[in-house]
Amino acid sequence: MKNLIKEFTKGIIKENPTFVLALGLCPTLAVSVSVANAIGMGIAATFVLLGSSIIISLVRDFIPDRIRIPCYIVIIATFVTIAELCMKAYSPALDRSLGIYVPLIVVNCIVLGRAEAYACKNNLSRSFFDGLGMGVGFTLALILISAIREFLGSGQLLGHTLVKGFEPVFVFGMPSGALLVIGLLLGLFNLLKEKRT
Amino acid sequence: MNIQEFLTIFISAVFVYNVILSRFLGLCSFIAISKETKPALAMSSAVMFVIVMSSMITWFVYRYLLLPFNLAYLRTISFILVIATFVQLVEMVIRKVSPQLYRAFGIYLPLITVNCAVLGVAVLNIDMFFINGKAVQGSFYYSVFQGVCVGLGYTLAMLLMSGIRERLELCNVPKPLKDFPLAFIIASVLSLSFMGFSGFKF
Amino acid sequence: MINNLIVSGSPHIHKPESVARIMWTVVISLIPALIAGVIIFGANALWVTLAAVTAAVLTELILGLCTRKKVTVFDGTAVITGILLAFNLPSEVPLWLPIVGAVFSIAIGKAVFGGLGQNIFNPALVGRVFLMASWPKYMTTFTLPFNLDAVTSATPLAALKEGKVLEHISYLDLFLGKHGGCLGEVCILALLLGAALLFIKRYISWHIPFTYILTTGVFVYIFGGDKLFSGDWLFHILSGGLILGAFFMATDYVATPLTARGQLIFGVGCGLLTAVIRLWGGYPEGVSYAILMMNATTPFIDRYTKVRIYGTR
C-alpha cells in the first residue's frame, strides 16, 4: 500500500510531468489562458492517462514487441475519442474553447511516455496509481500556470475579479505570455533545485 | 478559390499563427532539437515533408472514407493511425533507398509520429476547410497549401531559434536559466515580434 | 598596475575609446530629440523619460548585484535603453507604464542573456513591444503637439491606415515634429542632429541606417500608391519611428551583424519588413517589429557573411 501511495505522489512533485520531465508542454501552454480551461484539460488528460494505463498494463503480455507503439496509440486514441465525445455532449462551451487541443491529447508526450516507460512493465494497480499521479501532477501544473496567466492577463481568477483597479497585462493572455511564464517558472524550479543541493 | 485566400493562409500560418510560437504545436521537438542548426534543419525538412503528405492523405481519408460512411467521430483514431503508418513507411523506404538520407534525418522520423504539429494540421484542415460535413470549394488545395505553410513556419522558427542558441553557447547566461528556460524566453520574444504581422490584409 | 603587464594579441595601439565613452556619447546624441519632445509635448515628456531611465538603471543595478556580476551601471547602456524606450512611448502615458516597460526591457531583454554585450534583441524594443501588446490602449493614445489640454490625436501613419486624408500636414511639419506621435520620434531635425554627432565620431556606420531608409522608401514608392510607382515615399520616411529606429535602434552594436555586408542585408531586411507591415499589416507602425525580427536573424547573417580568413577555404 505504501508503495502505491509513493507511485501516486511521485507524479505530483518529484517527477512532475510538466516542470521536471518537461513533457506535454504543447497543451499546457495552449489551454492555460484561463483556470476553467486548465481544469477541463487536466480532467480530460487524466482520464485518458488512467484509461490507457489500465488497458495497457492489462494487455501488455499479449502485444508483440515490434508493433507495441501503434497498439498503444490506438488504445490512447480510443480514450481520447471517448473524452472528446463526452465533452462535446456535456460541455460544448469548454469543447469550443479547447478546440483542436482535445484530439491532440493523443500525441501528448505524457500519455505515450507513461505507456512506454511504465504501464507496459508494471502490473495493474501500480500502473493505475502511476497514471493517476501523473494526471494529477499535470493538472496541478496546468492550474498553476493558468492561475498566473489568468490573473495577470485579465485580473481575474475563474472569472471573478480579485483586485480592483488592476490594469490587466494583456500579453499574458497571448501565446508569448505563456512562453514567458513557463520559461521563468522552469528557471525558478532550477534555482530551487540548485539551492537544495 | 483565389490568390488572396492563399496569401492569407500563408501569412497566418507562417507568422501570425506560427505553429510553434502561437499554436504551440511541435513545441517539444522545437525545444529539444533547436540547439544546433544542422539537426534543426534536418528535423524541419522531415516534419515539412510528413506534414504535407499527411495533409493530403488525411484529406482523402476524411472526404472519401469517413464522411460517406458517417464515421466522422473516428477522426482522431484514423488520422493518428494513418500518420503513424505513413511515417513508418517513409522510414522503411528511406532506409532502403538512401542510407545517407536515413542517417541525416532517419532518427527524427519516429519522433514525428508523436509530433503534435502533424496531427494538429490534419485536424485544423478539417476544422477550417470542411463546413457542416461538406468540403468547401478548393478545400484540397487549401489543405495542402496550409500544410506547406505550416511546415515553412516550423522551419522558420526552428532556424531562427537554432541560430540564436548557437550564439548563446558563447554567452555567460545566468545558470538557472540555461538551456530550456532561456529557449522559452527567446521564443516568447520571437512570438512578440511576429505579432507585428497580426491583422494582415491586402 | 597588474593590468599593464598582461600581454595580449595585436593590435597594441590604445585609443581612449571605451564602452562607457561611446555609450555616454550616444546619450548626448539623444538629448536634442529629448529637448524637442519636451518643447512639443510639454513637461510630461521629460517625466516619462526620467521614469524610464531611473527604472532601467535601478533594475540593472539590482540584477547585477543579484547575479554577482561586474557592476555595469555606469557605462550608460541602461540609460540608453531607458531613453530609447521612453522615446517610443506617447507622452501622456501614466508614469508606471515606462517603469514597467524599463524593468521588462532590462530584465527580459538583457539580463536573461547574461547582461552587457550578450543580448540577442534590442532591449528597448523588447520593452516596447511588450507594452504595446499589454496595454494597447495607452500605447496608441497620442496628444496633439503644443496643446496643454491633452487633446488626443492620431499619428499621421495611424490616420493613413484608417483611410483619412492627410492634407493639413506638410512635409515641413513632419520634419520638425508638429504632429502626434511618440515623444522622441517626432522631431526628425533633432534626431538627425544627434545622428550627425555619431557619424562624425564614427560610432555608427552608414550601412544600416541608409539601406534601411532607402529600402523602406523604395518599397513604399513602388507599392504604396493606388498604382505601382506612385507611393508617397517622403511621407513614409518622415513619419513614424523610422528615423529614430534606423539611426539609433537598428545600429545597436550587440544585436546587429558585424560585417559591412551583413549590415547591408540587415538594413534591407528591416526596410522590407517595415514597409510591408506599414502597408498591409494591422499596426500602423512596423519599425520596432521589423528591427526585432531582424535581430533574431542576426546570428545567421553573421555566420554567412563571415570574412574569410586569409589562407583558409
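Chain C contains 14 helices and two strands, where helices (H or I, at least four residues) and strands (E, at least two) are DSSP runs numbered from the N terminus. The model is a predicted one, in which local features need pLDDT of at least 70 and side-chain atom pairs count only at pLDDT 80 or more, whereas totals for chains, interfaces and linings use all residues. Residues are numbered from 1 along each chain as its sequence is written, and chains are lettered from A and ligands numbered from 1 in the order in which they are written.

Of the 313 residues in chain C, 52% are classed as buried; a residue is buried if 20 or more other C-beta atoms lie within 10 Å of its own, exposed if 12 or fewer, and partly exposed in between, with C-beta atoms placed from the backbone. Among the contacts of chain C with a separation of 6 or more, 72% are accounted for by residues 24 or more positions apart, a contact being a pair of residues whose C-beta atoms, placed from the backbone, lie within 7 Å.

For chain B, the secondary structure comes to nine helices and two strands, and the order along the sequence is α-α-α-α-α-α-α-β-β-α-α. The radius of gyration of chain B, taken over C-alpha atoms, is 18 Å and thus close to the 17 Å given for 202 residues by the globule rule, which is 2.2 Å times the number of residues to the power 0.38; chain B is therefore as compact as a globular protein of that length. The C-alpha trace of chain B spans about 60 × 45 × 30 Å along its principal axes, and buried residues make up 51% of its 202 residues. Of the contacts in chain B between residues at least 6 apart in sequence, 77% join residues at least 24 apart.

Within chain B, helix 8 (residues 139–168) packs against helix 9 (residues 180–194) at an angle of about 130°, with the axes 11 Å apart. Here the axes are lines fitted to C-alpha atoms, for helices over the stretch in contact, and the angles run from 0 to 180 degrees between N-to-C directions. The two helices of chain B are therefore oblique to each other, given that angles under 35 degrees count as roughly parallel, over 145 as roughly antiparallel, 65 to 115 as roughly perpendicular and the rest as oblique. Their crossing is right-handed, a crossing being left-handed if the near helix is turned anticlockwise from the far one by less than a right angle, and right-handed if clockwise. From helix 8 of chain B, Ala157(B), Leu160(B), Met161(B), Ile164(B), Arg165(B) and Leu168(B) meet Leu182(B), Ala183(B), Ile186(B), Ala187(B) and Leu190(B) of helix 9 of chain B. This contact between helix 8 and helix 9 of chain B has ten nonpolar, no polar and one charged residues, where Ala, Val, Leu, Ile, Met, Phe, Trp, Tyr, Cys and Pro count as nonpolar, Asp, Glu, Lys and Arg as charged, and the others, Gly among them, as polar.

Between the chains, 26 residues of chain B are in contact with 25 residues of chain C. Helix 8 and helix 9 of chain B each supply at least two residues of the side of chain B that touches chain C, and the largest share of that side, seven residues, comes from helix 9 of chain B. By class, the side of chain B that touches chain C has 17 nonpolar, six polar and three charged residues.

Helix 8 of chain B also crosses helix 14 (residues 287–304) of chain C at roughly 70°, their axes coming within 8 Å, which makes helix 8 of chain B roughly perpendicular to helix 14 of chain C. The crossing of helix 8 of chain B and helix 14 of chain C is left-handed. The contact is made by Leu160(B), Gly163(B), Ile164(B), Glu166(B) and Arg167(B) of helix 8 of chain B together with Ala296(C), Thr297(C), Pro299(C) and Phe300(C) of helix 14 of chain C, and it has five nonpolar, two polar and two charged residues.

Backbone torsions were also examined. Most residues other than glycine have a negative phi. Phe24(B), although not a glycine, has a positive phi of about 60°; Phe24(B) is found in the loop between helix 1 (3–16) and helix 2 (27–33) of chain B and is buried, with 30 other C-beta atoms within 10 Å. Arg202(C), likewise a residue other than glycine, has a positive phi near 60° and is placed in the loop between helix 9 (188–200) and helix 10 (207–223) of chain C, where Arg202(C) is exposed, with 8 other C-beta atoms within 10 Å.

How values were computed
Contact = placed C-beta atoms within 7 Å.
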